[in-house]
Amino acid sequence: MRTPRARTAAAACVLLALSASSAAANSGTGTGNIVVAPAVTTRDEPVTVTVHAASCRTGSASSPAFGETPLTPQADGAGGHATPAVARDVAPGSYDITVTCEDGRSVTRTAAFTVINGAVRGGDGPAPSEGTSTADLVIGGLMVASALIGGGVLWLRGEGREDRPAG
């Protein structure tokens with residue numbers, strides 16, 4: 001009886017390990033030696049560009065979304081990285097990244113990341129700096145008014161019940 005359970009547990013562990021490695025591999029986008037994370041971002045947010053090539057520890061990464069930024073060598077010596085911020089006025093859409101290495105070679109990752117309108121990590125509501133809008137005030141006022149009216153109706157109906165004989 002324990003053999004089927006052990007096989008099921010082993011299969012579950014294998015599937016869990018495969019899904020975890022797949023999730024780690026898909027946390028950013030990458031082609032060849034260029035990895036970008038996050039794959040979807042908003043304006044004025046940083047993206048991390050990592051180049052996995054020993055011959056590309058320094059150089060630059062450039063994109064129409066953030067301009068040109070220098071690469072910093074990784075601690076393990078296996079390449080370079082940069083963390084540029086997406087420009088505030090960039091249009092939504094997919095953007096390429098071109099990395100130029102210290103030896104003069106360049107590689108372009110097409111559609112490396114996507115810029116969207118709105119917030120990625122904070123949900124769909126307004127940013128805290130935007131404050132309360134007129135629509136928020138109107139909706140809140142209508143909710144309070146309907147609660148008062150509904151409470152008043154229930155209270156008046158309750159008054160009439162006390163005078164009725166039990167029956």
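Predicted model: local features only at pLDDT ≥ 70, side-chain atom pairs only at ≥ 80, totals over all residues.
D44 is partly exposed, with 39% relative accessible area.

D44 lies in the loop between strand 3 and strand 4. Its phi is positive, at about 65°, although D44 is not a glycine. The side chain of D44 forms a salt bridge with R88, with the closest N and O atoms 3.0 Å apart. This pair links distant parts of the chain: D44 sits between strand 3 (40–42) and strand 4 (48–52), R88 sits in the loop between strand 8 (79–82) and strand 9 (93–101), and the two are 44 residues apart. R88 is exposed, at 62% relative accessible area.

The structure has 2 salt bridges by the rule applied. In the other pair, D103 and R105 meet at 3.0 Å, N to O. Side chains of opposite charge can pair when their charged atoms come close.

The table gives the accessibility of the residues in these pairs.

| Residue | Relative accessible area | Class |
|---|---|---|
| D44 | 39% | partly exposed |
| R88 | 62% | exposed |
| D103 | 43% | partly exposed |
| R105 | 43% | partly exposed |

A111, a residue other than glycine, has a positive phi near 50°. A111 is found in strand 10, which spans residues 106–116, and is partly exposed at 42% relative accessibility. A37 and P38 are joined by a cis peptide bond, with omega about -5°. P38 lies in the loop between strand 2 (34–37) and strand 3.

Technical notes. Residues numbered from 1 in each chain as written. Heavy atoms only, no water. Salt bridge = Lys/Arg side-chain N within 4 Å of Asp/Glu carboxyl O. Helix = DSSP H or I, 4+ residues; strand = E, 2+ residues; numbered from the N terminus. Buried < 20%, exposed > 50% of the residue type's maximum accessible area, 1.4 Å probe, protein only.
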